[in-house]
Amino acid sequence: FHTVNKMKAADDSLKKQCLSPWDTVNEYVTLLKNNSNYRLFLCSHILDHLGDWMVRIASLQTLEALAPDSGSAISFLVIAKIVPEVFIVPMGGLLADRYDRRLLSMSYDFTAGFCVLYYIVAHRSGDIAHLYIATIIRSCISSLDMPVGASIIPMVVTDPEDLKKAVMLNGMAWSIMLVLGGIVAGYVIGIVGVEACYMINSATYFTSVMLGYKMRGNFLVVTGENDARIDFQGQDVKDSKRRQRSRFKRFMQPISNICAMIKELFLFLWNCGFGLLVLMKASGTVTWGSEDILNVLFSQVRDDEVESSRRLGMIYSSQGLGCLIGPILATTFIIDGKKPRTMQLACISGLVFVILGWIGIANAPSFEAICFFSFFRCLGGSTIWIFSTLLLQNLVNVGMLGRVVSLESATASFFEACIAYTAGQLEDEGLEKYEIANLSAGIGTFLLVSWSTYHLFGYGAPRTNAIAIEGVILSKGSIDMIHSPTSV
């Protein structure tokens, strides 16, 4: 039996190696053609990210006009965007595992379509505080939507190989929108003004709502028996008399609910054997957390706002091109969708590109060289960003995925905020932008050594498509929520 399985695996591997680039493109086209729900989701995803990048560049340019050459002001804007993610993303994960994910995503986009217009108020007032408030509001809504979007994908794309393609397409869409968003935002700001970017983002949100409305299927995870277990901690859902006798228990119901789900999450991570992988994305954000501050500093041309906007857009577009190509290279040379361990290896390899990219930026002789090494750095950064999440999506069951992804995003956001704040303070205290880039490379080197050791000693993702926990084999999609070591 094992010999036959090995022969089939070898045959599949040989077929994969014999595929031409055109065959690979046809596989992606087939996925989009046959899966209407994913096609609609991808279009919504593209629109959201186009608006996101335009607002990101527009807000940075607005801030630079209000507070020129202030590293602290930029770091506070980055923190205003990131800190809400630390606290709100876990809440979004709980909601994603409890309510209809499609309806949640639609409601978030609809609300954001109105809230993003507050940026126009901030721009016209000339008050930095309003810009920070607008950023916090928008970040809170995006943070709620982040785990919802990540956990919808495995529900509309169930095949492991197709799931890999879907995540790749999402990453490519994100990268392409970064390229286009950087170019468009730079020229729109220079010709029309920053307010046009905010209005475009509002329009993309409302269009995304209409696309979500056309999706069909059941996007509610918790039903039936699980609903009773999570909601009432073993009490009978139908026992209305008991609920009526205990008003205090009904009042404490949501808190007990949340505590139970959080407890399940950490017990799962403790027992699953790959819990530390939720920190893989955070390792990446630690190395590139200073990028927004450095991008603004490297792009500024004194007394020339139009050229500064154009340069800032070019840097982000260079990064977007790197983010587009990086995952493709990783998929071609490293990734095997049926072997999660190859995704772990790809993430570790991505750190090498990030480190070399920062070293190149720190020693760049011209603006063009800065753009090139920004592209090179993002070859690795995008690989870490995409495959750290794909790795978890391959290993974690759907019912737990929202919470795991939210924890991954929250930790990544927390460390990115810390690095952004530190970089801003260092710049204000006189540290050169080239020195900050070298410091980022040093941090990346330490993380590369740590994760390489972790991988070489066999920790993290399993070597096969199954996970062994205390003698019990749990395959993908069947990892139950473990409540204690004895229950295993």
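**Burial, salt bridges and a pocket in the predicted model**

Ile-443 is partly exposed, with a relative accessible area of 27%; here buried means under 20% relative accessible area, exposed means over 50%, and partly exposed lies in between, for a 1.4 Å probe and protein chains only. The model is predicted, so that local features require pLDDT of at least 70 and side-chain atom pairs count only at pLDDT 80 or more, whereas totals for chains, interfaces and linings use all residues. Residues are numbered from 1 along each chain as its sequence is written, and side-chain values use heavy atoms, with hydrogens and water left out.

Ile-443 belongs to helix H20 (residues 433–456), where helices (H or I, at least four residues) and strands (E, at least two) are DSSP runs numbered from the N terminus. The C-alpha atoms of Ile-443 and Val-286 are 7.6 Å apart, although 157 residues separate the two in sequence. Ser-72, in helix H4 (residues 71–96), is buried at a relative accessible area of 14%. Between the C-alpha atoms of Ser-72 and Ala-423 the distance is 8.4 Å, for a sequence separation of 351 residues. Ser-290 occupies the loop between helix H14 (280–288) and helix H15 (291–299) and is buried, with a relative accessible area of 1%. From Ser-290 to Ser-75, 215 residues apart along the chain, the C-alpha separation is 8.6 Å. Ile-348, located in helix H17 (residues 340–362), is likewise buried, at a relative accessible area of 6%. Its C-alpha atom is 8.7 Å from that of Met-280, 68 residues apart along the chain.

Side chains of opposite charge can pair when their charged atoms come close. The structure holds 13 salt bridges, a salt bridge being a side-chain nitrogen of Lys or Arg within 4 Å of a carboxyl oxygen of Asp or Glu. One of them joins the side chains of Asp-52 and Arg-138, with an N to O distance of 2.3 Å. Asp-52 lies in helix H3 and Arg-138 in helix H7 (residues 128–156), so this pair ties together parts that are 86 residues apart in sequence. Asp-52 is partly exposed at 22% relative accessibility, whereas Arg-138 is buried at 10%.

Glu-307 is buried, with a relative accessible area of 19%. Both arginines are partly exposed, Arg-310 at 28% and Arg-311 at 24%. Elsewhere, Arg-56, Glu-291, Asp-292 and Arg-377 are linked in a network of salt bridges.

Rolling a probe the size of a water molecule over the atoms shows where empty space is left. On a 1 Å grid over the protein atoms alone, a cavity is a set of points where a 1.4 Å probe fits but cannot get out, while a pocket is an open set with protein on both sides within 12 Å along at least five of seven lines; lining residues have an atom within 4 Å of a point. The second largest pocket has a volume of about 300 Å³, the volume being the space filled by probe spheres set on grid points that are joined across faces, edges and corners. Its lining comprises 13 residues, of which Glu-64, Gln-300, Val-301, Arg-302 and Asp-303 lie nearest the centre. Helix H3 (36–66) and helix H16 (305–333) each supply at least two residues of this lining, and H3 gives the most, with 3 residues. By class, the lining divides into 4 nonpolar, 3 polar and 6 charged residues (Ala, Val, Leu, Ile, Met, Phe, Trp, Tyr, Cys and Pro count as nonpolar, Asp, Glu, Lys and Arg as charged, and the others, Gly among them, as polar).

Val-192 is placed in the loop between helix H8 (160–191) and helix H9 (194–213) and is exposed, with a relative accessible area of 64%.
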